[in-house]
Amino acid sequence: MINATKKWIFLKASSIVLVPLMAWFVINLVSIYDKDYVDIVNFFSTQPSKFLTSLLMIVAFFYSSLSISEIFEDYIHDEKIKNFANKTLNIFAIIIPLFAIVIIFNLTL
Amino acid sequence: MNKENPLSPHIQIYSWNISSLISISHRVVGVVNIVILTLICLWIALLLLGEANYEYIKFFLQSFFGKFLIVGIIWSFTFQILSEIRHLFWDFGYGFELKTSKISGLIVIFGSFILTILIYLFGKGIF
């Protein structure tokens, strides 16, 4: 299987997982965003929101890095700049969700 | 692999229609959403500062700009959800006809606004 096919399969598989997760998160976001500190910490530190938010972060950043790398492929002409942009994007897409997950799993009242 | 692959022409070359509008918006919203997700991660990180410091964030989120930001996030996520569902239908071989493609494009545009209002009202417990 060529790399482009693998990338397409990963992109589609992640989008299938992402659609219900985004819908779940956005509905919950509206109900908590203006609440007190205690309510928000309670939301992120209890199940199933703890697990679902972590999963959302992993899948969303994975999906975003794949889809943005497609934009780089289409519009960046210079091979060196493209490689640098892709590497930076991949590092960003690993560090940020990892950072968020570590915080979620350490949140306590 | 051949490194001289043709690149996509820049967007000003295309004549505008529903399909191109949705296609370009899908890409732009995808990039905007990674910024939104990073902001959400930052919001979660700010919880570590404690209850007293969180009052500033709460004050912002309860302001007009905070509400505008939340509505913008809902629209951006909703647009991507609907556009992604449209793409998944295409992947299974449905909706390629010109008329169907235009209708599904209009559903994505208008549906994202309608769903944004419904999600906000539902989330606020208004119905």
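**A walk through the two chains**

Let's start in helix 3 of chain B, where the buried residues are B:I73, B:I74, B:S76, B:F77, B:T78, B:F79, B:Q80, B:I81, B:L82, B:S83, B:E84 and B:R86. What do those buried residues of helix 3 of chain B pack against? They pack against helix 1 of chain A, and also against helix 1 and helix 4 of chain B.

Before I go on, please keep in mind that this is a predicted model. The predictor gives the complex an ipTM of 0.89 and a pTM of 0.87. For chain A the mean pLDDT is 91, with 100% of its residues at 70 or more. For chain B the mean is 88, and 90% of its residues reach 70 or more. Within chain B, confidence is highest in helix 3, at 94, and lowest in helix 2, at a mean of 90. In chain A, helix 4 (residues 79–104) has the highest confidence at 93, and helix 1 (residues 3–32) has the lowest, at a mean of 91.

Okay, back to chain B as a whole. Of its 127 residues, 21% count as buried. Take the contacts in chain B between residues at least 6 apart in sequence: 75% of them join residues at least 24 apart.

Now, two of those helices side by side. Is helix 2 of chain B largely in the open or largely buried? The number of buried residues there is one out of 12, so helix 2 of chain B lies largely in the open. One last thing on this chain: helix 3 of chain B is followed by B:G93, whose phi is positive, near 90°.

Next, how the chains meet. On the chain A side, 34 residues are in contact with 36 residues of chain B. Helix 1, helix 2 (37–45), helix 3 (49–75) and helix 4 of chain A each supply at least two residues of that side. The largest share comes from helix 1 of chain A, with 11 residues. By class, the side of chain A that touches chain B has 25 nonpolar, five polar and four charged residues.

If you click on A:V26, you'll find that, leaving out residues up to four places away in sequence, A:V26 touches B:I74, B:F77, B:T78 and B:I119. B:I74, B:F77 and B:T78 are among the buried residues of helix 3 of chain B that I opened with.

An unreviewed UniProt entry places "transmembrane region" at residues 9–31, 51–68 and 89–108 of chain A. In the model, residues 51–68 of chain A are 100% helix, with end C-alpha atoms 26 Å apart. Residues 89–108 of chain A are 80% helix and 0% strand, with ends 31 Å apart.

There's also a cis peptide bond, joining A:Q47 and A:P48, with omega at about 5°. A:P48 sits in the loop between helix 2 and helix 3 of chain A.

Finally, two residues of helix 4 of chain A: A:N90 and A:E79. A:N90 has 15 C-beta neighbours inside 10 Å, so A:N90 counts as partly exposed. A:E79 has 9, so A:E79 counts as exposed.

Notes: Residues are numbered from 1 along each chain as its sequence is written. Chains are lettered from A and ligands numbered from 1 in the order in which they are written. This is a predicted model: local features need pLDDT of at least 70, side-chain atom pairs count only at pLDDT 80 or more; totals for chains, interfaces and linings use all residues. pLDDT is the predictor's confidence in each residue, from 0 to 100. Helices (H or I, at least four residues) and strands (E, at least two) are DSSP runs, numbered from the N terminus. UniProt positions are given in the numbering used here, feature names are shortened, and annotations may be inferred rather than shown by experiment. Two residues are in contact if their C-beta atoms, placed from the backbone, lie within 7 Å. Ala, Val, Leu, Ile, Met, Phe, Trp, Tyr, Cys and Pro count as nonpolar, Asp, Glu, Lys and Arg as charged, and the others, Gly among them, as polar. A residue is buried if 20 or more other C-beta atoms lie within 10 Å of its own, exposed if 12 or fewer, and partly exposed in between; C-beta atoms are placed from the backbone.
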